[in-house]
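Biologist: I have a file open and would like to go through it one piece at a time. Please put it up, and then take my questions.

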Amino acid sequence: MFLRTHQFAHVSRSSFMRQFLRRSAGVLLALTATSLPAAAQSAPSPTTSQVFSRFADRVIKIHVVETSSSAKAELGTGFFISADGHVVTNYHVISKVANDPARYRADWIDATATAHPLHLLAVDVARDLAILKADAHPAAFFTLAPVTVTQGTRLYSMGHPNDLGLSIVEGTYNGLLKYTLYPKIHFSGDINPGMSGGPAITQDGRIVGINVATEGDGIGFLVPVANAVALAERALAPGYEPPKSFLTVIGSQLLAYQDEYLARLFTDSTPTVTLGSYRLPTQPAPFFKCWADATRHSADRPYDFISHRCSTDDYVFLSPDQSTGTVEIDHRLYTSSELGPVRFYALYQARFQAGSDDMDGDPNDVTRFACETRNVRHDSTLVRAVLCLRRYVKFAGLYDAVLKAAVIGQRNSGLFTTLTLSGVSFENAERLSTRYLAQIAVTGAAPSR
Amino acid sequence: MSDRLILEVLDGHARVASRTHVEELPATIGRGFDNSVVLDDPYVCPTHVRIDRTETGELVVEDVGSVNGLYATGDNARVTQLPLRHGTRFRIGRTVVRYHDPREPVPPALVEAVRPAAPPEAASGRLAWIDCAWLASGRARAAVIVLSFLFITAMDFTGVFDRSPIARALTLALGFMVLLVVWAGIWALATRAVSQRFAFARHLAFAWLIAVAFVIWGNLEQWMSFVAPSGSIAELFTMPLALVLGVVLIAGHLGIASSMPRKRRLLTSLAVTGGAIAIVLLFGLVSSQEFTTKMDYEGQLKPMPARFVPTESLSEFATDARALRIKVDKMKPDTAGAQ
């Protein structure tokens with residue numbers, strides 16, 4: 001039972017990390033095209049070429065251009081959704097335009113390789129979508145409408161992988177991701193860098209999702225079309241004006257996002273996990289995946305170690321340097337029947353001070369961390385609690401908060417836990433930190449000193 | 001009136017190389033051995049100048065037909081004769097000679113700045129303990145070194161948590177010993193330069209004493225930070241304590257090395273230690289301005305029974321979190337606010 005959990009966890013964790021790396025690299029930064037696994041490609045059915053020829057003219061290549069040097073900064077895909085030239089793509093394709101409109105602009109490239117301007121109309125940063133407008137009136141466009149498809153439905157993803165020219169990839173719809181609050185479609189097919197923002201359609205041209213990310217090995221992710229429908233309803237409404245500052249809009253979207261997201265965490269029905277003589281919160285919400293790992297004492301290690309972690313596949317891409325919106329919990333239990341209390345606490349302190357993985361960050365996006373440490377007693381449980389906080393520079397009212405708590409007062413067992421909240425309001429950080437601390441308890445199975 | 005006079009031959013640094021008492025006049029200077037003052041200078045004639053009194057009783061030096069002449073040193077002008085007053089210098093060949101009037105008084109003796117060791121001081125005064133006079137005993141020194149080594153080994157033992165703690169602790173303590181031997185060796189060499197003895201064992205024993213004090217201080221700091229993590233109390237004590245230990249360290253070594261009076265030693269050590277602490281603080285200040293993604297927190301965990309640990313409630317923790325938020329809101333991007 002334990003082994004199974006571990007294996008599952010291992011796969012999940014590594015894929016999570018890969019995805020994490022990809023987020024910061026940007027899905028668009030052209031990687032080498034040689035790594036496409038040939039085995040994953042199935043032979044195109046006769047209709048693939050028909051689908052391609054029918055719908056290719058609705059899909060466009062998008063360049064984000066650095067204005068002073070006219071150099072191409074990002075490459076992505078988009079598609080027309082109206083006769084007035086409205087275009088849907090991913091937010092992450094045009095994030096530079098939203099973040100720094102003075103330095104970057106977006107162009108779309110037509111079949112003759114001519115560049116035409118695109119104007120940013122609206123973004124949904126949490127769902128990684130953007131709507132832009134071309135000055136042209138396209139001959140053909142997709143109609144955005146909610147669809148229902150069943151698992152196994154054949155989908156065709158279109159886009160410009162690595163700037164190699166418009167491509168079509170066959171794949172299948174495999175339902176929604178399990179470990180996200182905001183739904184994402186699992187698409188079995190090779191989406192590659194550059195295809196971001198392109199459509200994934202059915203044989204008859206209905207949009208099912210928008211290409212957003214890949215994990216490699218034929219595992220791709222799509223934003224469900226319903227999200228684009230909602231955004232388009234706002235952006236195409238009569239009288240809609242694009243905001244003067246997209247940064248302000250992104251900031252308020254992030255605040256709303258984390259409010260909605262965190263309201264679902266650590267509710268009264270949050271399950272607990274018992275590690276040694278400690279009871280701790282786990283699985284803050286159903287869309288969290290949790291896994292455990294353990295290291296037994298050995299020839300060179302006179303102590304046992306158990307870890308228990310939970311995280312989700314949700315994240316929000318803000319810019320190539322910054323992602324946010326992740327929540328993780330990480331429990332670590334150390335026990336030893338061999339070390340006396342003094343030497344055990346030397347171990348416990350060393351591990352607690354070493355902390356966990358540092359969070360990424362760029363001085364343009366976040367401040368340094370400031371931390372406060374307190375010895376806190378709740379009921380009969382005594383913890384050393386550290387709260388570290390850093391502020392987002394571009395988005396007022398948003399913080400990264402890291403809470404670390406080590407249970408003290410036990411003779412030769414120690415448990416510390418880390419709650420990582422990125423991109424949250426201070427009120428949520430405070431509320432969740434205190435609620436989290438309140439849920440840590442010593443069950444009394446081990447003698448208290 | 002006697003005609004005694006003194007002629008001094010000066011070296012290149014205007015210091016006296018040789019001094020000749022001349023008892024009668026006329027006197028001569030030259031390379032020949034029959035002169036009153038004999039010079040080895042190859043540019044000087046066998047008999048180069050003569051010194052005598054004029055009819056008016058004035059003392060003069062006179063060129064007696066030399067090849068290279070007589071020069072007044074002030075303006076470097078060639079003269080045939082030059083009146084001599086106390087301190088007058090002249091040059092012949094490549095040699096400078098100074099006339100010294102034996103009747104001129106010499107200045108009083110300078111008072112020696114460094115006094116010899118004053119035994120009464122060492123034994124008295126409120127700060128006499130700094131000198132650790134008892135380290136003069138060889139047995140005391142050996143005891144200090146051995147006990148300190150054992151103490152450090154024991155401290156290291158409590159800090160390692162692998163399977164061979166004794167070996168690890170001994171290795172760490174031996175490494176520490178090597179450092180202290182180098183440190184004491186440097187002091188011993190300095191001592192040798194000042195007072196013809198090394199006093200190595202005494203330096204080493206003293207260094208061990210202070211090292212033990214530093215280790216105790218470091219642990220004390222950790223425990224204080226554990227018990228009172230808000231920082232204020234620990235910070236209030238640790239810096240002054242470090243200053244005191246640093247002053248005692250330097251002043252003690254100086255006392256072993258030299259006979260410098262205690263007050264001067266203390267002031268010197270205070271300046272050195274204060275300067276070192278200031279540099280450390282300055283570096284801390286600079287690095288606290290630099291951007292980092294690291295979290296700097298007080299992660300001390302100590303095996304203290306729960307009932308003795310001062311704590312606060314969850315709501316107090318939340319109040320402190322709000323203060324932290326205000327601090328973070330004041331932080332400027334790129335350069336962090338004061339910690």
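Biologist: Which residues of α4(B) are buried?

Modeller: The model is predicted: local features need pLDDT of at least 70, side-chain atom pairs count only at pLDDT 80 or more, and totals for chains, interfaces and linings use all residues. A residue is called buried if 20 or more other C-beta atoms lie within 10 Å of its own, exposed if 12 or fewer, and partly exposed in between, with C-beta atoms placed from the backbone. By that count the buried residues of α4(B) are Arg202(B), His203(B), Leu204(B), Ala205(B), Phe206(B), Ala207(B), Trp208(B), Ile210(B), Ala211(B), Ser225(B) and Phe226(B).

Biologist: How far does α4(B) reach from its first C-alpha to its last?

Modeller: Residues are numbered from 1 along each chain as its sequence is written, while chains are lettered from A and ligands numbered from 1 in the order in which they are written. Helices (H or I, at least four residues) and strands (E, at least two) are DSSP runs numbered from the N terminus, and α4(B) takes in residues 200-227, 28 residues in length. The expected span is 1.5 Å times one less than the number of residues. For α4(B) that gives 40 Å, and the reach is close to it, at 40 Å.

Biologist: Within what arc do the buried residues of α5(A) fall, seen down the axis?

Modeller: Helix α5(A), residues 246-262, has 17 residues, and its buried ones are Phe246(A), Ile250(A), Leu254(A), Tyr257(A), Gln258(A), Tyr261(A) and Leu262(A). The arc is that of the directions from the helix axis to the C-beta atoms. The buried residues line one face of α5(A), because their arc is 115 degrees.

Biologist: Which exposed residues are on the face of α5(A) turned away from its buried side?

Modeller: The buried residues of α5(A) are covered by elements including α3 (95-99), β5 (115-124), β23 (413-424) and α7 of chain A. The face turned away from that buried side carries Ala256(A) and Glu260(A).

Biologist: Which residue of β6(A) is the bridge partner of His86(A)?

Modeller: Strands count as paired if DSSP finds at least two bridges between them. β3(A), residues 86-89, meets β6(A), residues 129-134, in an antiparallel pairing of four bridges. Both faces of β3(A) are covered, with His86(A) and Val88(A) buried on one side and Val87(A) and Thr89(A) buried on the other. Across in β6(A), the partner of His86(A) is Lys133(A).

Biologist: Which residue in the turn between β2(A) and β3(A) has a positive phi?

Modeller: β2(A), residues 71-80, and β3(A) pair in the antiparallel sense over two bridges, and Phe80(A) stands opposite Val87(A). The two strands form a hairpin with five residues between them. A positive phi of about 90 degrees belongs to Gly85(A).

Biologist: What is the average twist from one strand to the next in the six-stranded sheet of chain B?

Modeller: The open sheet has the order β2-β1-β11-β10-β7-β8, with antiparallel pairing. Its edge strands, β2(B) and β8(B), each pair on one side only. Six bridges join β1(B) to β2(B), with Leu5(B) opposite Val22(B). Axes are lines fitted to C-alpha atoms (for helices over the stretch in contact), angles run from 0 to 180 degrees between N-to-C directions, and the twist averages 35 degrees.

Biologist: Is Thr80(B) buried, exposed or partly exposed?

Modeller: Thr80(B) lies in the loop between β8 (77-79) and β9 (81-83) of chain B. Leaving out residues up to four places away in sequence, Thr80(B) touches Glu62(B) and Asp63(B), where contact means C-beta atoms, placed from the backbone, within 7 Å. Glu62(B) is 18 residues away in sequence, but 5.8 Å away from C-alpha to C-alpha. Because 13 other C-beta atoms lie within 10 Å, Thr80(B) is partly exposed.

Biologist: Which element gives the most to the side of chain A that touches chain B?

Modeller: The contact takes 56 residues from chain A and 40 residues from chain B. The elements of chain A that give two or more residues include α6 (341-354), β20 (370-378) and α7 (426-438). With 10 residues, the one that gives the most is α6(A).

Biologist: How many residues on that side of chain A are nonpolar?

Modeller: Ala, Val, Leu, Ile, Met, Phe, Trp, Tyr, Cys and Pro count as nonpolar, Asp, Glu, Lys and Arg as charged, and the others, Gly among them, as polar. The side of chain A that touches chain B has 13 polar and 13 charged residues, and the nonpolar ones number 30.

How values were computed. Two residues are in contact if their C-beta atoms, placed from the backbone, lie within 7 Å.
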